[in-house]
Amino acid sequence: MIPIALPSANFFILLTAGFFAGLLLLGWVLVLAVSRGARRAVRKYWKTSAVLCLVLLVPFSFYAWFQTMMWQLEREIERGEAARNVMLQQPTAVSGVEMPAGTRLKLQDEGKLDTYVEASFPQAVSMLGVEATWVRRYLDAEYEKETYALLGRHPRSVILRGAGVQTVQGWHCDATQDIKFDVMPDGAIKAFEECVLADGNRAAGLEIAPGAVLRGSDGTVYVDGSRDPDRWRVEVKGETAVQVFGLYLSRPSIYLDASREVLRVTDAELACRTPFGGVTYAAGTQFKTARRKASGEREPYPGILVFSPWDGQAAKRPGHEDVPEGQSVMQTLQGEVIDIVENEAAGVFRFDTFIVDGKEPERPARARCP
């Protein structure tokens, strides 16, 4: 945080006084211009008039000086902004990318093309495996340790857009929406971060509806230092339920390995009223998978299925008490009930809802039950 000294109250008082003094001087000049009697009065009492004029000129001079400084500052800001928005007059290599004539660049530092933070191209340019017509970069700054002088800037992440559907790392992405990468200081790909999926994507036998958000991952890391092999996370956003483990799920987050096989599922809810392993769950029941740890090792994927009744709807189990909201049922993939525990013990949490202007936030619509 950089401390900034705010102007004192005297500054604002003097500025306000200068404004009103200017109004009085303007009014005085107008009266003198149209009134012969006023001019005679000034000539008669010229000493008093001179003193009064000086009294008004002092605060007005401060006000006029301040306004002049602000005007000059605005002009300098506009000049700098114009200098940081340039158009290439001929094909130019910028940060290792061949950009055509007509490319418009917005620079971080005036006169330094390599510090561009945004570019739009008159025709598609190949960048990071995407035929891009627009790019935004987020830059990191490098400073000298002793003097903090700026040594240079280099990209940290890149967002690309283009036309139509493009294949990125084996996925069909909607290039009209953001395709994000983490990059090395030299601009090379460090990791794929995110894109919105288009038609034609399949994973683990699932047809993924367009609109799902794909995120890259280096693997989920646990507190003990172990790392899962998840390579992709697909956040399904469609209005149609997705069938995973034989269950119709609404808006799940599906974690996939490098072979695009399902490892685990989180953040989902049942799209339909579902009987499973002798337990009947209402639509809207929260669902995820979890791996328990035994003998120092986590059980194989996908682990167990965790069903958590929600919104006051209990799970029905013939011959047993209903499982109310606040508890979770753990079952195997074959439906065997392993345990019924409190939500916290199953890692299921319900967070507080903030109400603004008396309106609760709208929950995303549940996907349709087939």
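**The open sheet and its surroundings**

Modeller: Let's start with an open sheet of seven strands, which run in the order β16-β17-β20-β23-β26-β27-β28 and pair antiparallel. The two edge strands are β16 (242-244) and β28, each of which pairs on one side only. Going from one strand to the next, the twist averages 40 degrees. Keep in mind that all this comes from a predicted model. As a reminder, strands of a sheet pair through backbone hydrogen bonds, and they can do so in parallel or antiparallel fashion.

Now zoom in on β20. Its link to strand β23 (residues 286-290) consists of two bridges, and the two strands run antiparallel.

C272 and C369 are bonded, with 1.9 Å between their sulfur atoms. The angle about the S-S bond is 110 degrees, and the link of C272 and C369 is right-handed. C272 sits in the loop between β20 (268-270) and β21 (274-276), while C369 is in the segment after β28 (337-342), so this bond ties together parts that are 97 residues apart in sequence. The two ends don't get the same label for exposure: C272 counts as buried because its relative accessibility is 9%, under the 20% cut-off, whereas C369, at 42%, counts as partly exposed.

What else does a search of the whole structure turn up by way of disulfides? It finds two, and the other one joins C173 to C195, with the sulfur atoms 2.1 Å apart. That link is left-handed, with -65 degrees about the S-S bond. Here C173 belongs to strand β9 (residues 171-174) and C195 to strand β11 (residues 189-196), so the pair ties together parts 22 residues apart in sequence. C173 is buried at 0% relative accessible area, and C195 counts as buried at 0% too. Counting bonded cysteines along the chain, the pattern is 1-2, 3-4.

While we're on cysteines, have a look at C53, which counts as partly exposed at 26% relative accessibility. C53 is one of the α3 residues that meet α1. Helix α1 (residues 9-34) packs against helix α3 (residues 46-83) at about 125 degrees, with the axes 7 Å apart. That angle makes α1 oblique to α3, and their crossing is left-handed. On the α1 side the contacts include F11, L14, F19 and W28, and on the α3 side they include L52, P59, F60 and Y63.

One last stop is D109, in the loop between β4 (104-107) and β5 (116-127). Is D109 buried or exposed? At 15% relative accessibility, D109 counts as buried. Setting aside neighbours within four places in sequence, D109 is in contact with R84, T115, L150 and R153.

Terms used:
Residues numbered from 1 in each chain as written. Predicted model: local features only at pLDDT ≥ 70, side-chain atom pairs only at ≥ 80, totals over all residues. Heavy atoms only, no water. Disulfide = S-S within 2.5 Å. Helix = DSSP H or I, 4+ residues; strand = E, 2+ residues; numbered from the N terminus. Buried < 20%, exposed > 50% of the residue type's maximum accessible area, 1.4 Å probe, protein only. Pairing = 2+ DSSP bridges. Axes fitted to C-alpha atoms, helices over the stretch in contact; angles between N-to-C directions. Parallel < 35°, antiparallel > 145°, perpendicular 65-115°, else oblique. Left-handed = near helix turned anticlockwise from the far one by under 90°. Contact = heavy atoms within 4.5 Å.
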